[in-house]
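Please keep the sequence and the three-dimensional view at hand while reading.

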Amino acid sequence: MRFCLFLLLSLFSVNAFAQISGNKKAQNFFEKANPFIQKQDYPSAEQALKSAVEADPLFQNAYILLAGVCKAQKKYQEARTAYEKAILINKAVDPEVIYNLAETEFATQDYLKAKQHFSDFLMQDSSSDQARRAKKYLLDCDFAAIAIKKPVKYSPTNLGDAVNTTDAEYFPAITADGETLVFTRQVNGNEDFWTSQLKNNSWSIATPLSSKINTTKYNEGAQTISPDGKYLFFTGCNRPDGLGRCDIYVSHREGKDWGEPYNVGQPVNSEFWESQPAISPDGRTLYFISNRPGGYGGYDIWKSTITDDAKWGPAINLGPEINTAFDENTPFLHVDGKTLYFSSNGWPGFGNKDIYYSRMDNEGKWQKPINIGYPINSFEDESGLVVSANGNSGLFSSNLKAGYGMQDIYSFGIPEIAKPLKVSYVKGIVRDLDTKKTIESNVQVVDLKADKTVFDDYTDPETGQFLAVMPVGSNYLFNVNAEGYMFYSENFELKAGDINKPYQIEVYIEKIKQGGNVTLRNIFFDTNKFNLLPASIRELDLLIDFLTQNEKVQIEIQGHTDNVGDDKLNEKLSFNRANAVYEYLIKNSIDAKRLTFKGFGANKPIADNKTEMGRKNNRRTSFVITKI
């Protein structure tokens with residue numbers, strides 16, 4: 001519609017000079033083109049206008065309209081040639097013609113001439129919205145002229161006919177394990193979600209996601225899926241429970257199906273337009289697009305974080321570090337929690353919307369966005385990028401040649417400089433130790449270095465499965481607990497140089513019983529010392545919660561060492577370490593009558609002391625239930 005309006009305005013501005021062809025044949029072809037333009041039948045309009053200028057090579061109006069029609073079909077070189085011929089006939093043209101010539105020069109990578117003509121346009125128009133865009137294009141010319149000489153490797157691969165069809169597929173979203181793909185497909189004007197599974201390195205034939213989410217009455221689209229695949233946030237428009245034209249909704253996966261979606265409500269949603277959600281890996285911060293007041297441009301990226309009372313907090317604009325006076329869209333926060341990918345037409349780029357990335361620094365501030373590079377970005381709109389957990393590949397939608405129809409979903413390698421931080425994840429199933437049946441339980445993962453919970457959720461009630469992401473470069477507490485069961489403790493130390501290899505585990509927890517034994521793998525001491533290190537507090541607090549919830553349970557705290565050194569000194573060290581835990585529990589309101597402690601030195605090994613790993617496992621703190 002905007003282009004049709006442009007064509008009509010261009011026609012009006014030239015007609016103001018009363019420039020019509022004296023050649024009736026040319027004039028007839030010219031008038032024949034206008035109905036085609038109204039119907040957006042640009043190929044037919046192009047043919048009619050080419051006939052007009054062939055009949056009258058000095059027909060300036062026809063050249064200008066021909067240029068617009070070619071531009072609408074992205075035939076930028078042909079459009080540029082037509083604009084140049086029109087100006088050669090008569091330099092007294094509407095400033096908008098100069099602007100559009102500059103755009104086609106920019107699209108054909110002639111940045112020097114584009115810069116000159118944008119400057120010429122600004123000499124005639126310096127205050128309109130188009131002038132604002134021309135000023136931005138001047139920055140683009142300087143940027144693109146340098147950046148295009150440093151192309152990045154780019155080889156997009158179509159995901160194939162299991163995912164893509166003759167209809168339009170777009171907005172891909174993928175789980176952290178890379179095994180579940182959810183995307184939007186538009187069929188006969190209706191948008192629904194479809195899903196495909198990665199099996200033996202091939203995508204399965206896509207199927208509709210769920211009848212509880214997909215509707216025939218409304219469009220569902222612009223979605224994101226949590227790393228573990230259990231929460232789907234998406235955009236719903238014009239729904240009866242909406243607060244504005246488009247709102248953000250969420251659905252929780254319940255076994256093999258999804259639950260009824262619900263509006264996330266205020267303050268995320270408002271009377272304005274909210275869309276394109278992106279959830280943080282810990283599930284606590286939601287990023288989204290809105291045109292509400294208080295932003296920096298038309299559409300900005302905002303965020304909302306869950307408060308202590310489990311409600312969404314106030315919507316906060318990401319600020320001028322990310323947002324511009326123009327538009328930002330399709331945010332995607334990588335599972336590293338610190339790399340944000342998004343599209344913008346406000347930062348210097350290659351024209352229209354480009355893909356950028358920004359990293360969060362140690363103080364929680366976003367750094368200046370960086371253009372992901374040419375030819376990933378081009379003169380066309382690029383948006384909707386999501387990046388795999390390992391950071392090696394990205395998914396996006398495009399109507400590239402040799403596709404299956406309209407927009408298809410493609411993958412491509414992420415340039416090294418634009419890759420996110422390294423991450424790993426722990427994926428597994430929780431089972432009852434005795435029955436081997438899966439059970440619903442709470443899983444917590446805590447970054448001990450940052451003293452931050454990065455995952456806190458329940459396993460799938462039907463399958464017992466869970467998936468939690470852990471960025472490389474920290475030390476993680478891993479805890480599983482369920483009502484009536486002893487909890488499970490593990491520690492994952494992911495050094496900065498580690499390869500981001502995921503952990504696949506099966507967790508077996510046993511019901512609370514006398515004699516039950518739990519190793520506390522997140523109790524830490526300095527070598528040959530017995531003062532509790534700060535990183536131990538999270539595990540100790542979990543033990544306090546366990547004892548508080550099970551008031552009749554009594555335990556013996558046990559300290560253990562490896563076999564290195566003097567036996568008596570090891571026994572004394574283990575005794576003092578067990579005592580340190582005992583004292584902490586008492587100071588935090590656990591009745592001393594429920595507690596005893598003992599040091600065993602190296603007398604109760606659980607691994608071979610001949611290896612470093614074995615000795616590490618033997619240096620431990622544990623507890624045994626003595627009474628229930």
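Which residues of α7 are buried? They are Y111, A114, H117, F118, F121 and L122. The model is a predicted one.

**Helix α7**

- Helix α7 covers residues 111-124, and its 14 residues should span 20 Å at 1.5 Å a residue. The end C-alpha atoms of α7 are 20 Å apart, which agrees with that expectation.
- Viewed down the axis of α7, the buried residues fall within an arc of 145°, so they line one face of the helix.
- An α-helix has 3.6 residues a turn, so residues three or four places apart point the same way.
- The exposed residues L112, M123 and Q124 sit on the face of α7 that is turned away from its buried side.
- The cover over the buried residues of α7 includes α6 (95-107) and α8 (129-147).

**The sheet with β24, β25, β27 and β28**

- Four strands make up an open sheet in the order β25-β24-β27-β28, and their pairing is antiparallel.
- The edges of this sheet are β25 (452-458) and β28 (488-494); each has a single partner strand, so one side of each is left without a neighbour in the sheet.
- On average, neighbouring strands of the sheet are turned by 15° against each other, direction ignored.
- Seven bridges join β27 (residues 474-481) to β28 in the antiparallel sense. V480 has Y488 of β28 as its bridge partner.

**Helix α9**

- Helix α9 (residues 537-549) lies across β24 (442-447), β25, β27 and β28, and runs at about 10° to β27.
- The 13 residues of α9 should span 18 Å at 1.5 Å a residue, and its end C-alpha atoms are 18 Å apart, which agrees.
- The buried residues of α9 are E539, L540, L542, L543, I544, F546 and L547.

**Aromatic rings**

- The structure holds 31 aromatic pairs.
- The rings of F487 and F546 have centres 5.6 Å apart and planes at 75°; planes over 60 degrees apart count as edge-to-face, so this pair is edge-to-face.
- F487 belongs to the loop between β27 and β28, whereas F546 belongs to helix α9, so the pair ties together parts that are 59 residues apart in sequence.
- F487 and F546 are both buried.
- One aromatic cluster is formed by Y76, Y99, F106, Y111, F118, F121, Y137 and F379. Among its members, Y111, F118 and F121 are also buried residues of α7.

- Four bridges pair β12 with β13 (residues 285-290) in the antiparallel sense. The bridge partner of S275 is I289, in β13.

**Loop residue N201**

- N201 is placed in the loop between β4 (190-199) and β5 (202-203).
- Is N201 buried or exposed? N201 has a relative accessible area of 74%, and is therefore exposed, the cut-off for exposed being over 50%.
- N201 and E179 are 22 residues apart along the chain, and their C-alpha atoms are separated by 9.2 Å.

Methods
Residues numbered from 1 in each chain as written. Predicted model: local features only at pLDDT ≥ 70, side-chain atom pairs only at ≥ 80, totals over all residues. Heavy atoms only, no water. Pairing = 2+ DSSP bridges. Helix = DSSP H or I, 4+ residues; strand = E, 2+ residues; numbered from the N terminus. Axes fitted to C-alpha atoms, helices over the stretch in contact; angles between N-to-C directions. Contact = heavy atoms within 4.5 Å. Expected span 1.5 Å × (residues − 1). Buried < 20%, exposed > 50% of the residue type's maximum accessible area, 1.4 Å probe, protein only. Arc of directions from axis to C-beta. Phe/Tyr/Trp six-rings, centres within 6.5 Å; stacked < 30°, edge-to-face > 60°.
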